[in-house]
Amino acid sequence: MREGFFLNHPAKGWETGLPVGNGRQGAVLFGTAETEKILLNEESLWYGGKQERGQEAGREKLAELRSLLAEGKAEEAQRLCGRYLSSYPRYMNPYHPAAEAILTFWGMEAEKEGEAYRRGLDWQEGEVWVESGTQRRVLFSSSHDQVTLLHLESKRGKRWNMELGLNRRPFEQEAESAEAAIYLSGQSGEGGVHYCVGCMAGESDGSWKVEGGYLVLQEASFAELLFCVCTDYEGEDAKASCKNRLERAKEAGYEEVYARHKRDYAAQYNRMQLQLSFDEELSKLPADVLLKRAGEPKVRAYLTQLLFSYARYLLISSSTNCLLPANLQGIWNGSFTPPWESGYTININLQMNYWMADAAGLGECFTPFLRLLERMLPNGRETARKVYGCEGFVAHHNTNLWGDTDITGLWIPAACWVTGGAWMANQVYQHASYEENEKECFRFWEKLCVSFMDICKERAMAVW
């Protein structure tokens, strides 16, 4: 019996698709019967390179702003704060999709999405699935092998045909084909990471060929497809890494990659379980029906249990064996202009992603959070020096894959806020208490305290 939730209709967009992830790479399955779509993402595929945005404001400008505040001229101080301290360019670049894979089927019986159709997420196995009257699909993403795999199988033994293409409109640059694989590659903006997106044909009882940049499959009753996205964020050759991972996974075979995925995922997920309510009749209802009945106490308890399990699944999928923490959308994004750049908003959102990590038995998922804070340290020292003329470390309310610490945005009450790094360091302290290693956070706090003592100004009656 599957553990998770299901729906009786395909996704209308990527936001309502079903996500899988291996920490570095994410994918979303839409579940459409005759034209399937899979969104592909990679944690470090952001647009553009590291930016130098901070202004050289320093102590003199800071002293002027303090004087205005002391005189009660808050509006004037805020207006000048935007000119003196705000970074230029104002905003960071966004997190971008890697590609879409579009699979078109023909030769199958006409699909009728109704009682025979279901798609769902199984967080006990770490996979998503689609079942229709004629076909079964399973998608998972392996942390061990750093690939995403799709298994397609006819339910009645009837053979079908399929073609698959990759697209990255409007940012397609280089495309190439091999005997049983297709690739898109390029650079994500000036100074940005180089990337490679690949799809390779796996085992099938049909015949594969590559034609016009499409993977074409004919007369098959089952098939396996492998996907991979790589960048040079760590200095690796993106194309070579992508091709090597696909080839190694194909050589290992679907069953072996699947078994390793299930073993690794279960080792994390099975550490704990929350059971508030179980009603077999509720488990037979689609998720959207359950949400409409959320006012019923029994349904609310069941939904709370589902959401807790789903949250653990998403944290494992976006924060295992990776370099960067989960952003505003985890690692899943289908837009080149996502809300708030799909970045790291560190005035609460990034912290919220990891509030549950230790308490939910997923302490190792906190590691990419620590890595990002480490990356921010040298930038934060420079921000402290340039913007405020002080020692120590300062970060504001946004950062990105480069560990940017400068002021971001135009709304001054949010932008000129110097405690982003402090809030992150406080979360490190809470994590360290679970690890019984509170000293872990001292190197962050030492630099933060220096900057606060330098920035803060004592007023009358010992008020700072």
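## A tour of the rings

Start by selecting F5, W123, Y265, Y269, Y310 and Y313, which form one aromatic cluster. As you look around, keep in mind that this is a predicted model. Across the structure, the count comes to 19 aromatic pairs.

**First stop: Y265 and Y269.** Zoom in on these two rings, which make a stacked aromatic pair with centres 5.5 Å apart and 10° between the planes.

**Second stop: Y310 and Y313.** Move on to another stacked pair: the ring centres of Y310 and Y313 are 6.3 Å apart, with 25° between the planes. Which helix holds them? Select helix α6, residues 297-319, and you will find both, three residues apart, or about one turn of the helix. Y313 is at 1% relative accessibility and therefore counts as buried.

Next, select K61 and Y84. The charged end of K61 sits over the ring of Y84, at 4.3 Å from its centre. Then turn to R168 and Y195. Here R168 lies over the face of Y195, and the distance to the ring centre is 4.5 Å.

To finish, bring back the cluster of F5, W123, Y265, Y269, Y310 and Y313, and look again at its stacked pairs, Y265 with Y269 and Y310 with Y313.

Terms used
Residues are numbered from 1 along each chain as its sequence is written. This is a predicted model: local features need pLDDT of at least 70, side-chain atom pairs count only at pLDDT 80 or more; totals for chains, interfaces and linings use all residues. Side-chain values use heavy atoms; hydrogens and water are left out. Rings of Phe, Tyr and Trp (its six-membered ring) pair if their centres lie within 6.5 Å; planes under 30 degrees apart count as stacked, over 60 as edge-to-face and the rest as tilted. Helices (H or I, at least four residues) and strands (E, at least two) are DSSP runs, numbered from the N terminus. Buried means under 20% relative accessible area, exposed over 50%, partly exposed in between (1.4 Å probe, protein chains only). A charge sits over a ring if NZ of Lys or CZ of Arg is within 6 Å of the ring centre and within 35 degrees of the ring normal.
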